[in-house]
Amino acid sequence: MLAELLEIAPSGVEEVSAPDGREGVVEYAVYGAPGELPDVGVFEAQAGEALVEVSTEDVADDWDERWKRFYFPVLVAGRIYVRPPWEQPAQRGGVEEVVIDPGGAFGTGTHPTTRMCLELMLEENPKAWRMAGRSFCDLGCGSGVLAIAAAKLGFDPVLGVDADRAAIEESDRNARANYVELELRHTDLRRGPAPVADVAAANLTAPLLEAVASGWAAAARRPGVLIASGILRQEADRVAAALTGAGLEEKRRLVSGDWAAILSA
């Protein structure tokens with residue numbers, strides 16, 4: 001549902017389950033200036049086997065500031081501090097700061113799938129991962145969080161690819177704001193083998209991860225280490241099996257709520 005709403009929401013979407021204690025109700029606040037959003041009125045829609053009632057109403061005039069409350073700083077493993085530009089800089093030393101403007105609704109790194117990717121990037125072993133000169137590839141770079149973090153950790157070169165041209169533009173803008181150099185490519189990961197590197201991160205859906213793994217298997221080439229996320233817990237074993245078929249054996253798995261991330265090598 002959120003993916004569909006983002007297509008009509010130029011300034012982001014907020015999801016609230018059981019607003020005001022109303023069980024069985026999900027509220028979506030879709031932000032946009034007057035005239036930018038369609039008037040859908042009241043209607044019924046099919047959600048699985050259930051018929052649900054959908055209604056709309058205007059929100060307060062402070063929508064252009066209200067959405068910022070849903071983006072907050074994240075400190076990962078005491079080493080990477082990801083924040084939107086309106087939040088205060090890190091107050092402690094020894095922290096790599098990644099400043100991400102979520103203006104294009106690609107996120108700032110607060111989602112569990114992104115946080116787990118960052119955690120696995122910071123794993124102490126093997127220590128060689130954190131040496132300068134190790135290449136890194138971010139498959140589905142979005143706003144550039146993982147690619148920018150990799151560059152700040154010393155990976156070089158760093159490549160980011162995405163099928164959405166708007167994501168490439170946003171990653172480029174955020175990279176320049178963070179004073180790091182990235183190579184960015186518009187790439188459809190469903191067409192041909194995905195790029196490889198010493199370390200690759202892929203925060204993608206399970207079906208797309210399976211397609212990427214199949215492409216690597218067919219090409220007989222794969223990254224040295226893969227951090228795969230964007231996976232629902234119940235999908236993790238299936239994705240791990242697909243990665244094994246590409247020669248990537250699972251070494252570590254993190255779980256956060258409904259989500260999982262897998263480190264394979």
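Tutor: Ala-206, Pro-207, Leu-209, Glu-210, Ala-213 and Ala-217 in H6 meet Arg-238, Val-239, Ala-242, Leu-243 and Gly-245 in H7, where contact means heavy atoms within 4.5 Å. Those residues divide into eight nonpolar, one polar and two charged. Here Ala, Val, Leu, Ile, Met, Phe, Trp, Tyr, Cys and Pro count as nonpolar, Asp, Glu, Lys and Arg as charged, and the others, Gly among them, as polar.

Student: What should I know about the model itself?

Tutor: It's a predicted model: local features need pLDDT of at least 70 and side-chain atom pairs pLDDT 80 or more, while totals for chains, interfaces and linings use all residues. Residues are numbered from 1 along each chain as its sequence is written, and side-chain values use heavy atoms, leaving out hydrogens and water.

Student: At what angle do H6 and H7 pack?

Tutor: About 10°, with the axes of H6 (residues 206–219) and H7 (residues 236–245) 8 Å apart. Axes are lines fitted to C-alpha atoms, for helices over the stretch in contact, and angles run from 0 to 180 degrees between N-to-C directions. H6 and H7 are therefore roughly parallel (angles under 35 degrees count as that). Helices (H or I, at least four residues) and strands (E, at least two) are DSSP runs, numbered from the N terminus.

Student: OK, sheets. What's the strand order in the seven-stranded one?

Tutor: S10-S9-S8-S11-S12-S14-S13, an open sheet with mixed pairing. Two strands pair if DSSP finds at least two bridges between them. S10 and S13 (250–256) are at the edges with a single partner strand each, so one side of each has no neighbour in the sheet. The twist averages 15° from one strand to the next.

Student: Where does H7 come in?

Tutor: H7 packs on that sheet, touching S12 (225–232), S13 and S14 (259–264), and its direction makes about 150° with that of S12.

Student: And are S9 and S10 parallel or antiparallel?

Tutor: Parallel: S9 (residues 158–162) and S10 (residues 183–186) pair over four bridges. Gly-160 stands opposite Leu-184, and Val-161 is opposite Arg-185. H5 (residues 165–177) lies across both strands, at about 170° to S10.

Student: Which strands are in the three-stranded sheet?

Tutor: S5-S6-S7 in that order, again open and mixed. S5 and S6 (residues 80–83) are antiparallel over three bridges, with Val-74 opposite Val-82. H3 (residues 112–121) lies across S5 and S6, at about 30° to S5.

Methods
Parallel < 35°, antiparallel > 145°, perpendicular 65-115°, else oblique.
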